[in-house]
Amino acid sequence: MTKKMHIRPEKAAKTALVYLLVLFVSFIFAFPCIWLVLSAFNAEGDLLTLDGFFPQEYSFDTFRRLFTEVNKYDYRRWFTNTLFVAAVSCVISTFLVIAVAYTISRYRFKSRKAMMKATLILGIFPNFMNMTALFVIMTQLQLINNLWGLILLYSSGSTMGFLVQKGFFDTIPGSIYDAATLDGASDFRIFLSITLPLSKPMIVYTALTAFVWPWADFMLPSMLLVDKSSWTVAVGLNSLDDSEFSVFAAGSMFVAIPIIVLYIALSKYLIQGGSAGAVKD
Amino acid sequence: METVQQAPKKSVFSDWRVKLSCAFMGLGQLFCRQFTKGALLMLLEIGFILFLVFAGVENIIGLLTLGTTEGVPIMGIEGDNSVSMLAWGITTVFLILFFALAYYANIKDAIYTSGEIGKGNRVKTFFESCQALLNKKFYFLTLTLPLLFVCVFNIMPIIFTALIAFTNYGGEIVPPKLISWTGFQSFRVIFTMSEYIGTMGKILGWNILWAIGSTFLVYFGGLGLALLYNAKCLKWKRFWRIFPMFAYAIPSFITLTGFYFLFCDSGPILGVLKDWGWVSENFTIISFDSVWSLRLLGFFCCAWIGVPSVMFLATGILSNANKDMYEAAKLDGANAFKQFWYLTLPFVLFATTPVVISTFINQFNNFSIFYFLRPETVYAPGYFNANSSDLLINWMYNLTVENRLYSLGSALSLILFAFMAIFSLIAYVMSPAYKKEDTYR
Amino acid sequence: MKTIKRICLCLALVMSVACFAACGERGGGGTFTYEELMAKFEGDIEQNATIRVLDNQMAIETGHLQEVLDAFNEKYKEYNVNAVDANMDQYVDLEQNGPDGYGPDVLYQANDMLMRYAEGGHVLPLPMDELDTEEIPETVMDAYKMETYGMDLYYGMPVAQQSTVLTYRKDLLPENWEEEWDDNQNGVPDMVENMNDLYAYSAQVKEESGGDKYGLYMSLVDQYFNSGYLLSFGAYVFGETHDDIGLNADGAEVGLNLFRDLAGVVGSTCINQNATTQVATYLTDSKGTVFCTIGTPDWLTTFRENLSATYVKSGMSREEADKAAEENLVVVDPPRLPNDGDIKKAITDMETETFEPTTMGGVNAFSISSYTKYPKACLAFVKFVSEYENLKWRSEALGAVPARTDLAEELGGVSSILSGRVSAGLVDIMPSTRDTQYIWDPLSSLFNDVATDNTTREAPVYTTAEALKGALDKLVNDIRSAMAVGDIS
């Protein structure tokens with residue numbers, strides 16, 4: 001009994017320390033976000049008009065300008081483009097990644113090991129290390145200024161990341177498949193009726209990451225989209241002048257908030273999916 | 001295949017149908033009464049020959065010469081475009097390789113079928129072959145499209161980049177001017193011109209430091225946070241985890257631009273610090289010749305962006321950890337630190353080795369951090385087309401996109417690639433997951 | 001291992017064949033006569049042509065470009081011409097996008113960019129006899145001249161000229177400026193007339209406000225604005241050949257020292273490209289943070305709008321505010337510099353102790369891309385925008401200083417000031433050559449370095465003439481190696 005009495009204050013101190021640390025970490029993560037949101041409501045556009053950290057006067061003016069001054073920023077166009085690219089590449093990439101990962105995990109064929117090794121090596125060479133080459137190839141394919149060009153690049157790029165999903169499929173015991181095969185189900189049926197339902201968290205995870213990359217990417221679109229009408233939000237916002245900081249902040253909100261909501265809503269899958277794939281090689 | 005190997009006495013090529021297939025794709029199959037398959041294969045070969053005649057040969061010659069007539073755009077005279085000739089030349093080589101593979105498969109198929117006939121088995125109809133494809137070679141179906149994508153958008157650009165390094169493309173020599181092969185000239189320039197070799201040394205040193213430092217920071221920061229949020233005494237865990245979720249979710253171009261504005265000369269952080277008198281009037285974080293202040297800011301931003309993803313990963317892994325082990329350890333009287341050191345850390349380290357390697361690679365090539373944190377292209381003294389905070393990849397960007405020195409940029413990316421390959425190979429071989437792979441299986 | 005060896009062997013084989021093949025014959029080029037070159041412009045405008053016009057951001061934002069396009073399309077209605085906004089970034093690279101057909105057809109840019117394209121053959125030589133260039137000074141026209149096939153051809157139709165001027169807020173002048181700050185009694189405040197008084201006044205403002213306000217505020221890293229200090233003291237960009245880089249010519253270190261002193265009083269917040277945009281806020285806010293700035297005249301329109309908005313906020317009516325803003329923002333010549341380069345001393349006799357500075361200038365023009373499908377329609381557009389009335393329209397809408405002297409005189413104000421400086425030979429127009437691109441980054445680095453030296457650096461290094469001379473020598477070396485690398489690659 002006496003021993004337990006001894007531990008109590010120590011435990012309380014530990015709890016206090018944990019809470020203190022958590023509060024500190026939360027502040028570090030939350031403060032820049034809050035600051036950015038408040039700057040979006042700055043009545044004056046410029047960073048210089050802040051009083052200390054926060055605006056002197058709040059208004060919705062930047063949002064009005066963002067959506068009405070089409071000569072300066074065609075935000076609605078940018079947003080539609082981004083949404084289109086992200087949604088379509090999300091669907092295509094998810095499909096491809098799941099198919100490839102499942103195949104590599106489930107089947108044993110001659111070039112399997114070689115393909116996995118090749119993927120690892122190709123992964124070292126990030127897409128935009130060959131920006132010049134990509135630009136040339138896209139011009140030859142007539143895909144400059146074309147959102148489909150971006151979609152193709154994102155789809156093929158995310159297919160390269162199939163190892164995470166493969167790790168997940170590895171965890172599904174082979175006995176399930178064997179039983180189904182004995183029942184005479186074709187491979188395609190097995191995939192549809194057994195694998196897919198089992199891998200819901202993985203699919204959500206895959207779709208989410210496949211959506212976020214094109215949604216937030218800046219390099220590829222800035223290189224491939226010359227015409228302003230095909231710009232995505234990232235390119236458009238980055239083309240803004242420094243004096244347009246509030247507009248930048250306001251424009252970013254519409255990009256960031258959907259993703260934050262998605263992530264929070266799907267955080268369970270994210271944690272499951274990410275770790276499931278990482279545990280195995 | 002297997003049946004063929006079991007009967008090695010007679011050469012597999014002795015069958016006349018196999019010989020026919022060797023001579024022309026699909027002929028052998030035709031004579032095995034596989035008419036649809038044979039016809040399709042013959043069509044493929046005819047198509048290939050036509051392609052070679054009408055474009056292929058020309059493309060290969062173009063790849064070798066990179067063009068012979070220079071265009072005069074002001075007269076509207078279109079000459080050869082060396083760059084597109086290079087691209088089409090590579091494509092043609094790809095197609096030839098693909099055709100060779102198909103030819104090989106065709107011969108193998110003929111051997112198999114003729115073997116079956118020899119054994120008196122019935123040959124498969126086209127429909128049956130298709131069904132077999134759908135069933136036994138399911139992988140063939142699912143992998144074709146992704147492989148095609150990867151070939152066009154990943155492998156081809158790499159080969160293109162590699163070949164560019166051996167040309168004089170860039171600077172003044174861009175289409176309509178003709179490009180030519182110059183061998184190792186770009187590498188010679190990089191390794192002999194004092195501007196380059198000096199800059200490369202400095203940047204490489206910083207880049208390695210950055211990659212190791214930021215990987216360490218992100219990885220252990222994430223692990224630490226995961227442990228913190230896993231603490232038993234913490235209530236509303238789901239709520240607290242929302243904050244790192246912000247950092248995880250916000251696109252990094254927004255985060256980094258935001259941080260730039262927070263920390264820049266006219267930004268609020270410096271303003272407030274100066275108002276409080278904590279720093280002198282002349283204090284700057286992001287300026288022309290700031291070295292360590294900007295580098296440290298880079299580490300901070302990198303941690304802000306990268307820690308949450310490792311944290312979520314580690315949270316997931318920790319929840320998979322074997323609870324019994326901890327109970328046993330507790331009974332043995334191990335304190336929290338010992339539990340962490342001997343149980344948690346080895347387990348998590350083992351489980352996440354691939355993550356460490358991929359984090360390292362990503363950090364080594366982390367383009368966006370310093371691209372957004374130093375938005376102005378000013379080059380520091382002692383650096384050629386670079387600044388003190390630039391990583392190799394930023395330097396490459398400066399060379400190729402800002403200054404259009406394509407061949408030098410490509411040569412640099414080959415060097416960078418070699419470095420990365422060696423580094424990650426060593427890391428992979430030394431990793432616990434690799435060493436223990438056999439024991440755990 | 002075997003496969004690797006085989007691949008290596010193949011690669012080596014391909015490489016050697018390639019090297020061999022590269023030695024083969026290469027043709028193309030040839031020479032053309034003037035008539036042959038201009039043949040594409042002869043005859044009627046193409047029917048149903050669509051031409052993409054690239055103009056600067058300001059023309060797009062103010063809607064001026066759209067009005068011009070509409071007017072042009074209306075005028076050439078019978079040909080069903082459709083001129084449209086190219087809708088690209090204003091610095092889009094024709095060299096990269098042009099050959100593939102993604103570039104603009106008509107583009108408006110400065111002479112260093114356009115002539116870089118001209119050297120690469122990306123823009124067309126224009127039939128000058130069809131364009132009205134009589135009133136444009138020869139120095140301005142020369143910016144677009146390049147010898148091609150033994151002829152002097154012009155590759156752009158000059159429309160506007162740029163150089164630096166000083167803009168100040170009249171209402172922020174000290175009450176007693178006529179007694180205290182007008183030694184020569186010419187009615188022009190001394191602090192906007194010569195650099196020594198501007199330096200003294202800036203120091204005074206800074207001290208009185210505790211560092212919150214500025215006399216002069218301008219980007220200290222802007223290569224274009226600041227290279228004038230070097231040019232005024234004898235430096236030049238290129239001599240007879242491009243091997244002769246004169247930015248470190250004797251005397252330039254005096255100019256650099258002057259710049260260094262100036263940086264000390266302007267302050268570290270200006271060691272930033274953003275200062276150029278920031279000043280639009282500072283110069284026009286209600287606190288009067290900034291008294292004056294040195295920059296290009298096209299900012300004047302923005303300054304006026306911002307100042308007028310500030311006045312409206314403080315309770316003026318729209319018209320009153322517009323009028324007051326126009327009155328209170330005054331543009332003058334860039335301040336005179338002391339003969340010996342010492343801006344810290346007091347000036348007693350301005351006429352003898354100071355001189356008119358030389359500034360870097362540029363000429364913006366419309367050019368036609370070589371890759372256009374409709375050269376005749378493009379030429380019609382260039383003719384259209386270079387008509388007297390339309391040039392006037394452009395200058396009034398955008399605040400650009402016209403290249404034509406007669407128009408500049410008619411417009412008066414900043415236009416006649418700048419035009420006068422060009423005629424007087426006080427504006428060094430940046431060299432119209434590809435190699436000009438190599439001077440900007442090293443110059444910016446130099447100004448960054450020297451400005452930092454007198455503001456935030458713990459241990460200043462550029463305290464002697466030798467050290468400054470060394471910095472200039474290094475600048476020239478950097479430019480040389482950048483040029484050398486550009487040639488190799």
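How many Å separate the centres of domain 1 of chain A and domain 2 of chain A, taken over C-alpha atoms?

Analyst: The centres of domain 1 and domain 2 of chain A, taken over C-alpha atoms, are separated by 33 Å. This is a predicted model, in which local features need pLDDT of at least 70 and side-chain atom pairs count only at pLDDT 80 or more, whereas totals for chains, interfaces and linings use all residues. Residues are numbered from 1 along each chain as its sequence is written, while chains are lettered from A and ligands numbered from 1 in the order in which they are written.

In chain A, domain 1 covers 2–63 and domain 2 covers 75–279, with bounds from an automatic or database domain assignment. Two residues count as in contact if their C-beta atoms, placed from the backbone, lie within 7 Å. Helices (H or I, at least four residues) and strands (E, at least two) are DSSP runs, numbered from the N terminus. Between the two domains of chain A, 10 residues of domain 1 are in contact with 9 residues of domain 2. On the domain 1 side, helix H1 (2–40) and helix H2 (61–68) of chain A each supply at least two residues, and H1(A) gives the most, with 4 residues. That side of domain 1 of chain A divides into 5 nonpolar, 4 polar and 1 charged; here Ala, Val, Leu, Ile, Met, Phe, Trp, Tyr, Cys and Pro count as nonpolar, Asp, Glu, Lys and Arg as charged, and the others, Gly among them, as polar.

One residue of chain A links this chain to chain B. Leu122(A) is placed in helix H4 (residues 112–124) of chain A. Leaving aside neighbours within four places in sequence, Leu122(A) is in contact with Met160(A) and Asn154(B). Met160(A) is 38 residues from Leu122(A) in sequence, yet the C-alpha to C-alpha distance is 8.1 Å. Leu122(A) is partly exposed because 15 other C-beta atoms lie within 10 Å; a residue is buried at 20 or more such atoms, exposed at 12 or fewer, and partly exposed in between, with C-beta atoms placed from the backbone.

Chain B is also assigned two domains, domain 1 (2–183) and domain 2 (189–440), whose C-alpha centres lie 43 Å apart. Their contact takes 10 residues from domain 1 of chain B and 9 residues from domain 2 of chain B, and the domain 1 side has 5 nonpolar, 5 polar and no charged residues. Chain B contains 20 helices and 1 strand, and 45% of its 441 residues are buried. Within chain B, helix H12 (residues 252–263) has 11 of its 12 residues buried, including Phe253(B), Gly258(B) and Phe263(B).

Chain B in turn meets chain C through 43 residues of chain B and 45 residues of chain C. Two or more residues of the chain C side come from each of helix H1 (2–22), strand S1 (27–28), helix H20 (437–453) and helix H21 (465–488) of chain C. H20(C) provides the largest share, 6 residues. By class, the chain C side that touches chain B has 15 nonpolar, 22 polar and 8 charged residues.
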